[in-house]
4 protein chains.
Amino acid sequence: MVGGGIGAFIGAVHRQAATMDGMIELVCGAFSTDPEVSKKSGEQLFLPDNRVYGTYEEMIVAERSLPEHEQMDFISIVTPNHVHYPVAKAALENGFHVVCEKPLAISSGEAKELASLVEKTGLQFAVTHTYTGYPMVKQARHMVREGALGKIRKVVVEYPQGWLSTRLEKENQQASWRTDPEKAGPAGCLGDIGTHAHNLAEYITGLRVAEICADLGSLVEGRRLDDDVNILLRFSNGAKGVLHSSQISAGEENALKIYVYGEKGGIEWHQMEPNTLLVKHLDRPVEIYRTGVDHGNYLSKAAMHNTRVPSGHPEGYIEAFANIYRNFAFALSNHMHGEEPSPEVLDYPTVKAGLRGMTFIETAITSSRSDKKWTPLP
Amino acid sequence: MVGGGIGAFIGAVHRQAATMDGMIELVCGAFSTDPEVSKKSGEQLFLPDNRVYGTYEEMIVAERSLPEHEQMDFISIVTPNHVHYPVAKAALENGFHVVCEKPLAISSGEAKELASLVEKTGLQFAVTHTYTGYPMVKQARHMVREGALGKIRKVVVEYPQGWLSTRLEKENQQASWRTDPEKAGPAGCLGDIGTHAHNLAEYITGLRVAEICADLGSLVEGRRLDDDVNILLRFSNGAKGVLHSSQISAGEENALKIYVYGEKGGIEWHQMEPNTLLVKHLDRPVEIYRTGVDHGNYLSKAAMHNTRVPSGHPEGYIEAFANIYRNFAFALSNHMHGEEPSPEVLDYPTVKAGLRGMTFIETAITSSRSDKKWTPLP
Amino acid sequence: MVGGGIGAFIGAVHRQAATMDGMIELVCGAFSTDPEVSKKSGEQLFLPDNRVYGTYEEMIVAERSLPEHEQMDFISIVTPNHVHYPVAKAALENGFHVVCEKPLAISSGEAKELASLVEKTGLQFAVTHTYTGYPMVKQARHMVREGALGKIRKVVVEYPQGWLSTRLEKENQQASWRTDPEKAGPAGCLGDIGTHAHNLAEYITGLRVAEICADLGSLVEGRRLDDDVNILLRFSNGAKGVLHSSQISAGEENALKIYVYGEKGGIEWHQMEPNTLLVKHLDRPVEIYRTGVDHGNYLSKAAMHNTRVPSGHPEGYIEAFANIYRNFAFALSNHMHGEEPSPEVLDYPTVKAGLRGMTFIETAITSSRSDKKWTPLP
Amino acid sequence: MVGGGIGAFIGAVHRQAATMDGMIELVCGAFSTDPEVSKKSGEQLFLPDNRVYGTYEEMIVAERSLPEHEQMDFISIVTPNHVHYPVAKAALENGFHVVCEKPLAISSGEAKELASLVEKTGLQFAVTHTYTGYPMVKQARHMVREGALGKIRKVVVEYPQGWLSTRLEKENQQASWRTDPEKAGPAGCLGDIGTHAHNLAEYITGLRVAEICADLGSLVEGRRLDDDVNILLRFSNGAKGVLHSSQISAGEENALKIYVYGEKGGIEWHQMEPNTLLVKHLDRPVEIYRTGVDHGNYLSKAAMHNTRVPSGHPEGYIEAFANIYRNFAFALSNHMHGEEPSPEVLDYPTVKAGLRGMTFIETAITSSRSDKKWTPLP
């Protein structure tokens, strides 16, 4: 693991998610740019001293030199955005598989380079668009793609948060790097959560956003990056849509929601009640689809593959995260044993989703600065 | 009453709303363009034959000629859009107060003319932007305006319906005139419900939409007017926002929702659960404000004035409608008795709200046809 | 109308409900035991002086002496409980139909006498078990009775309120008579709302409660009647159940809920979100049934007959109330014209429901005082 | 681990919960009464052959003989009920700490013996009353105990499930042992989930159930144990209550809910939306308390200690389970290092809660068979 030391947030989530299913073990790490912090973090995680490193370069060299069966198998990158690219590059160049936080990089140039390296090396590369790990998101995707809603006409995806309603960056480490262009890259809210919303819309519908009209704002005085995102969408098939996201929606927690409407029906999913999927019809009552190992009679294989417990026992964010790690681990194991992974296993976000995200971010920034209404996505 | 005969929908709602509080009585009507239908409708409503008219012109002349205390006091216009203007004009010119369905007219020119006539005659003129009649909408407006949320930064208002997901206009009278430019005017979904959404946003926040970027669509093949509306908003005070509305959101009923966020908190209101107002704070739990005559300890005068029953006894759409009629009736009574109405009584949508709506509609159409990103509202 | 003067609550609801549909007009009243209050109340309701009476006896005599087509058609009794019986008796004996608040009387003896009088006179008699007026309650009843759930096994009905958590009776007129055995009769919470819960359970399921085990409590110190009700139920068909109700459930509004489970599925209805009926199945997703004139494709005739507006336009408590009045008025009109009312029209609570309620109340009191576990209902 | 082999359900949950926080590692197991199944299960769990045992007796002997730092530290018992006692007894007698599924045993005699052994040996003993592990349950307990609701007057706890609506025991392993008195003990629904409901009520309120009136039923023909539980409760402080639970509530998933009302307010918690706690007041709006590491400004230390992620990132059943394991592990670590555990660490259900549960079960069975209304808990 690179990053995720004491004081960080997402690193701990990665560790809980990775180890939940007994398939992955934390074996080493460079947890902080401060070697002291890295060391202490390693201690708290019960790692032996010699597997806790001061820098990621050091880690890669040292691990590479270990006997093959003792080496780490892959690297999880849980650092601020600007460090994703160099670590991922070094990992790939040294033959390590990668799990990387989103956004994949701070420019589409970097992202493209990583995508090429992945193709060249044949290594596994997951990008943690966590929300695609929820069983009911899998179910939504399945239903849309098998035509249960007919041709898609409208998509609304919204992702409001409120935690940056004040200038929290002055005092809070999480807020600080996320609002600093040096560390977060050119996008604030857009890169941090808007990109999740975009990813979810394309993931579920299988459509591509063709052109957008964006209005990014920095609504808290003194903020250096966008904290509010409003975008009109037009999809490749003629469908229309809206994506809005914010970190100044005071009082909101993490309220990602998506609504997809087709000729024959609609679906609605809320991340904060993730085990429910509303399925809407033209001429009969709305149905409440629910996560559960006992719901195999109506849930898709994709949903069932990512479910752990019976209905009514809530599965949450960490389980969604764990689904990405578990599928990645299955794929890795298949890879190592020369087996063909099942479609369910392969259904985790890869470097391609990461690259697509960077393209969306850059197009949204371009659009927001333009007087022209529509800007196409490359 | 003009319109609202057998087979119509909104006329019956007007009658239920108007008579609920025992202040208003239906005394006459021209219920249909077909005199036979008008006559039959009048019979069903227990009206004497001589007060049921074949045309609105006939009605106005006949009523005008009755002794003053026997005349109707005002006219409710519940016809398709294209008839609003001529009836309203005739009513005002003959000294009758008016309650008119929205949109006020089919052009801002007509709307302006009506507004001038109202000013000239000093008559009362209500436009039934029904949703402003809900107690919790009054409460939201009160809280925003007294600064409970601080400066407003973001407004999201959405109004999805699904009933026009198919070409219902081929068989259904309600759908037919609403999708016919001859009868509905230049706007479909935009005029029918988008204008409610816009009205609600300005009503609650007290802000004016300054410029917009609209994408109107006709997503059902063969439809002659827009059935889908997506608009980016910029408000006069720098706040940003999104308005989206649709009649092809398959499976949605009448899901008007509004979210307003300020520096200090936010509010959220759903028309389909109208007696609940969520009030969000930066650093303490969300509060659930609830309609109820027993909630005077925390609800505003404006909310309490428009509430009939104790908390937990749901008040609905007809009651919201009745609030507009009741306030209109109070204002009329005050007017007749030369009294000063209270601020709570005066708080019903007037011809000005109707004119503002027409301006919004026309600007949205202009914006949607333009390649320019932003179009200002006059 | 008898009762419902200034300061009263339920009288106004009766008037709003009765007049909403343009079928019933308030023509006279004895609104208070204080003739001055009665007179003033009448004035506020725009009644002529000579139709506002000082006592109900006076009213009955005077109205009886009017020409038949000028007389009131029926009497609404909206007084505290102890006055129900004498007014209802006098009304029936003088040939007037009756609408009476629940509980029907303060003893089953009185109730039986009224039931006999109704049978003897052939007059209409409605008891306002309001909650049976909701469209989704009609739908639930329809589905249970047509066997959609299979044989019923379990019923849970709960009715918590919190408004009597303090000794509100010291200062509040509504609370005062409801907690006074002289005016409310032998039951507090049990008679005021517990009886609604019991009525709803039998109304929806068509089953009879066969025996009960009750624990009534007065949990606020100094209270003279029960304010908390917990009852185990056994139904005639072997089904089991629980009824609990309270007026000291601090912070609850009017949270009547019912759950019915059968061999093949279940239903769930909440009075505070009355337009939703959850329908549960053994092996497929829960369905959300919703009120709406546009839902005739899946709602029963009984539900549709009691619905006024399209789905998504909330109908509330006053509309439910109005459904009882409207059906009563239809039945009256049929009665007057010698027509056969439809089953939908006849589906309003009558004196029989009122008598059944009194039986339940008395049995619950007996059971609560007994050491024996089970007490049968006669 | 004893039990939890291929085909079992709860064993996997225990493993996920135990390993999530990186403090506990699965080192050995006797996963099935069938040695072949045990062996295969161990393989799938990446255990070395020599740590996978055919029987628990074998496991205890073998582990005991390993060098101390290689031995397992504690045993998780995840078998059907009738095996809890012998395994727990053997574990304690051989010096191993224990985590045991509920109910603790199949008689209060067994339970008492285990409680004595725990006291004698000073070993740690957790019983997985999982629902006490949720942060919002901790918060509820904290608020009730610090007096936020005033004196408690009423408790309603309900736990409906629907999965045994048919005779699933004929074909399903989970259903089969749960409805077999040989394996489940004398209680079906009562022991499986009713005991969770009872535990939750006492855990949150700190009150003791003093006497009960129970009606147990077997509503599915041919079922050998109770599948429906309805109980009136009286608490030690005079509060009243209702506990009902069922496994034939068709269409219900795992709908454990609790409502507690005091003189000053109430709380409401639903297991299926576990991150929300409704807090109700006499004279101001209901508040929505929410799980989240960022809610330290209003959540208690107890809630915060058991929370992993920021608000809006749902924590679920496995996390609640993991909280019990994590606290158990902390306590064990403190125990091993001779440290004093914090009150938050010690707040996990122990053998005492297990014993209390058995007492409740036996009293409910006695009460259900009795004609007397009230049966006291010892």
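Modeller: Let me start at an axis. Of the residues of chain D, D:Lys373 comes closest to the rotation axis, at 2.1 Å (C-alpha). This is a predicted model, where local features need pLDDT of at least 70, side-chain atom pairs count only at pLDDT 80 or more, and totals for chains, interfaces and linings use all residues. Residues are numbered from 1 along each chain as its sequence is written, and chains are lettered from A and ligands numbered from 1 in the order in which they are written.

Colleague: What rotation superposes chain D on chain C?

Modeller: A rotation of 180 degrees, with 0.0 Å of shift along its axis. The RMSD is 0.0 Å. That is the relation of a two-fold axis. Copies are superposed by least squares on the C-alpha atoms of residues with pLDDT of at least 70 in both.

Colleague: And how many residues of chain D are in contact with chain C?

Modeller: 34 residues of chain D, with 34 residues of chain C. In contact means that the C-beta atoms of two residues, placed from the backbone, lie within 7 Å.

Colleague: Which strand gives the largest share on the chain D side?

Modeller: β7(D), with four residues. Strands (E, at least two residues) and helices (H or I, at least four) are DSSP runs, numbered from the N terminus.

Colleague: What classes of residue are on that side?

Modeller: Ten nonpolar, twelve polar and twelve charged. Ala, Val, Leu, Ile, Met, Phe, Trp, Tyr, Cys and Pro count as nonpolar, Asp, Glu, Lys and Arg as charged, and the others, Gly among them, as polar. Also, 100% of the interface residues of chain D are interface residues in chain C too, so the copies meet through the same surface.

Colleague: New topic. What domains does chain A have?

Modeller: Domain 1 is 10-130, and domain 2 is 134-311 + 353-368. These bounds come from an automatic or database domain assignment. Their C-alpha centres lie 26 Å apart. 16 residues of domain 1 of chain A are in contact with 18 residues of domain 2. On the domain 1 side, helix α5 (residues 108-121) of chain A gives the largest share, four residues.

Colleague: Last one. What does A:Val98 touch?

Modeller: Among others, A:Phe74, A:Ile75 and A:Phe125, not counting residues up to four places away in sequence.
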